[in-house]
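Visitor: Please take one part of this model and look at it closely, residue by residue where that helps. I would then like to follow how that part is joined to the rest.

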Amino acid sequence: MGITAEYQSAFTSSFQEFFGNAKDEGWELYHLSSEPENDFPTWLTFTIRNPLGGRALVFRYHSLENKFYAHLKVQVIPGEENWSLDQLFHKKGYTDLDADDILSSGGEWLFFSLARHYFGIIISFCPRILEPDYLLD
C-alpha cells in the first residue's frame, strides 16, 4: 500500500470508527494530495467539512519535511480563520501531546496514531467542534 492510500485509509477508517457515517452527521470528507515526486507526494490532506456550519477540520502531512498540521478552519467574513488544533487542545487542557510527539513515537502505524489522537480528543472533549456555536476561546 502506498503512502497516499495508507494516509487515506488511516483517516477514513478512524473517522468511521469514532463518528460513524459522515453523511449521517451531514459532514463531507475529502482527500487531496500533491503530484508524486520521486514516488511520494509532497503533501497529503484529509478534510472533514460541515457545509452548514462553515467549518472544516484539515489534517495535512508534508512528507518531505515529515511535518503534520491539524487545523480548524472557520469561515468568517471576509475569508477564514485557521486555528491550530494542537494549540487549541493544549490551551483547553485536553492533551499535552502535539503532532511532533506523535510523529516521533507513531512508528509503523503513524497515520493511524495521528488520526486516533485527534479524533479521540474531539469525540471525548469537543464533539461539536464543527458546529457554529462551539466556542473556541
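Guide: Leaving aside residues up to four places away in sequence, N50 touches G26, W27, R55, L130 and E131, where a contact means heavy atoms within 4.5 Å. The model is a predicted one, in which local features need pLDDT of at least 70 and side-chain atom pairs count only at pLDDT 80 or more, while totals for chains, interfaces and linings use all residues. Residues are numbered from 1 along each chain as its sequence is written, and side-chain values use heavy atoms, with hydrogens and water left out.

N50 has a relative accessibility of 6%, and therefore counts as buried (under 20% relative accessible area with a 1.4 Å probe, protein chains only; exposed is over 50%, partly exposed in between). The side chain of N50 also reaches the backbone nitrogen of G53, at 3.1 Å, which can be set beside the cut-off for a polar contact, a pair of N or O atoms within 3.5 Å, one able to donate a hydrogen and the other to accept it.

N50 is found in strand β4, which covers residues 43-50; strands are DSSP runs of E with at least two residues, and helices are runs of H or I with at least four. Of the 8 residues of β4, 6 are buried, so this strand is largely enclosed by the rest of the structure. Strand β1 (residues 28-33) pairs with β4 in the antiparallel sense over 6 bridges, pairing being taken as at least two DSSP bridges, and in that arrangement Y30 has T47 of β4 as its bridge partner.

β4 also pairs with β5, again in the antiparallel sense, and here over 8 bridges. Along this pairing R49 stands opposite A56 in β5, and I48 stands opposite L57 in β5. The hairpin of β4 and β5 has 4 residues between the strands, and G54 takes a positive phi near 65° in it.

β5 in turn is mostly covered, with 7 of its 8 residues buried. The antiparallel strands β5 and β6 are joined by 8 bridges, with A56 standing opposite K73 in β6.

β4 and β5 are among the elements that the buried residues of helix α5 pack against, and others include α1 (3-19), β6 (67-75), α3 (85-91) and α4 (99-105). One of the buried residues of α5 is F119, and, not counting residues up to four places away in sequence, F119 touches F11, S14, F15, F18, F19, F46, I48 and F59.
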